[in-house]
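This report describes selected features of the structure shown below, beginning with a single residue and moving on to the sheets.

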Amino acid sequence: MAPTQYLAPDDRNERGLLRWKYGSQAEQTLHLREGDTVQLGRETDNNIVLSSMHVSRHHAVLVWRGEAFALSDLGSINGTQINGEHVTQPRILQEGDVIQMYDVEIVYQVFKKEALRTNASREENKTYVVLPSTPQPNLTVSAGPQEGLNIPLHTGKMIIGRATAKDNWEIALQDRSISRPHAQLEQAVDGSFVLTDLGSVNGTLVNSSNIAEPTELRDGDVIVLGETSLLFRAK
């Protein structure tokens with residue numbers, strides 16, 4: 001497993017730690033700051049890369065939600081558990097929670113400055129989530145027929161619908177349970193993205209909740225259309 005790069009701390013407050021060990025490798029630690037979004041999975045584009053064959057390519061995501069971190073499963077094949085309970089909707093993490101992804105266990109700890117002062121060497125080589133210098137909003141198919149597909153987002157309106165020979169949606173997904181069209185994604189004047197269901201048969205879910213009106217997306221939101229799960233990244 002490969003952690004994220006080493007990066008000097010910025011001015012955001014640290015809020016938590018993730019600790020994990022897999023196989024014969026040494027224990028690894030990731031320091032979490034306000035605003036971080038952490039992707040976990042087998043693919044190398046994740047923040048935490050887990051080499052277990054039982055972990056999905058894009059397995060789970062951890063997001064900062066104002067006062068705490070919340071964990072969501074990304075439609076993984078083997079599922080995600082916290083303290084032995086399956087994660088079926090975003091779950092706020094508490095001190096000492098154990099995240100289980102089949103044969104991988106990750107422990108979450110609330111950040112405590114007092115504990116860190118006892119070991120000054122840790123302050124010098126801490127691993128952080130690396131923020132891209134030129135953020136590109138995108139959707140990643142984390143589960144479904146096109147798993148692994150990355151979809152860059154652009155300005156204007158983008159219609160999402162089932163891929164067919166006749167239709168020419170901006171975002172065409174090969175999923176028979178998706179309507180024609182299904183939803184609309186539009187970038188607002190302030191740069192945010194707003195998702196609207198277009199009267200689809202099976203509905204549109206954001207973080208496990210059906211949306212009945214236009215919904216502004218946040219970094220790390222999980223969208224479900226039919227049998228397809230998509231991870232929204234604003235940065």
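I99 is buried, with a relative accessible area of 2%; buried means under 20%, exposed over 50% and partly exposed in between, using a 1.4 Å probe and protein chains only. The model is predicted, so local features need pLDDT of at least 70 and side-chain atom pairs count only at pLDDT 80 or more, while totals for chains, interfaces and linings use all residues. Residues are numbered from 1 along each chain as its sequence is written, and side-chain values use heavy atoms, with hydrogens and water left out.

Beyond its neighbours within four places in sequence, I99 is in contact (heavy atoms within 4.5 Å) with L18, L71, T80, Q81, L93, V104, E105 and I106. Its C-alpha atom is separated by 9.9 Å from that of H86, 13 residues apart along the chain.

I99 belongs to strand β10; strands are DSSP runs of E with at least two residues, numbered from the N terminus. Two strands pair if DSSP finds at least two bridges between them. β10 and β11 run antiparallel, and Q100 stands opposite E105 in β11.

An open antiparallel sheet has six strands in the order β2-β1-β11-β10-β7-β8. Its edge strands, β2 (28-33) and β8 (85-86), each pair on one side only.

N138 has P152 in β13 as its bridge partner.

| Strand pair | Bridges | Residues |
|---|---|---|
| β10 and β11 | Four bridges | β10: residues 98-101; β11: residues 104-110 |
| β12 and β13 | Three bridges | β12: residues 138-143 |
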